[in-house]
Amino acid sequence: MENVMVIGMKTVIVVLGAVLYIALAGTAIIYSLGANKSPKGRRIFFGILGVAMIYVFVHMCIYLHK
């Protein structure tokens, strides 16, 4: 029974981590596309950061699936 609980907790942590990671990437992309008064360089940086985060996440999933 303890083994099932450990596997369950690890699964929950991984799923929540993945959701948080995608949420941060999406927030960075939305921030970069927003019509706010932040400097253009910062918006470009966050856009590139968000796209890089999603790119790394997809490739990590592909690597782990193999």
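**Close-ups of a helix pair**

View 1. With a relative accessibility of 15%, Ser32 counts as buried (under 20% relative accessible area; exposed is over 50% and partly exposed in between, with a 1.4 Å probe and protein chains only). This is a predicted model, in which local features need pLDDT of at least 70 and side-chain atom pairs count only at pLDDT 80 or more, while totals for chains, interfaces and linings use all residues. Residues are numbered from 1 along each chain as its sequence is written, and side-chain values use heavy atoms, leaving out hydrogens and water. Ser32 lies in helix α1 (helices are DSSP runs of H or I, at least four residues, numbered from the N terminus). Leaving aside residues up to four places away in sequence, Ser32 touches Arg43, Phe46 and Gly47 (contact means heavy atoms within 4.5 Å).

**View 2. Helix α2, end to end.** Helix α2 covers residues 40–65, and its 26 residues should span 38 Å at 1.5 Å a residue (1.5 Å times one less than the number of residues). The end C-alpha atoms of α2 are 38 Å apart, which agrees. Buried here are Gly47, Gly50, Met53 and Phe57, and these residues pack against α1 (2–33).

**View 3. How α1 and α2 meet.** The two helices pack at an angle of about 150 degrees, with axes 7 Å apart (axes are lines fitted to C-alpha atoms over the stretch in contact, and angles run from 0 to 180 degrees between N-to-C directions). α1 and α2 are therefore roughly antiparallel (over 145 degrees). Contributors to the contact include Tyr21 and Ile29 of α1 and Val51 and Ile54 of α2.

How values were computed: Angles under 35 degrees count as roughly parallel, over 145 as roughly antiparallel, 65 to 115 as roughly perpendicular and the rest as oblique.
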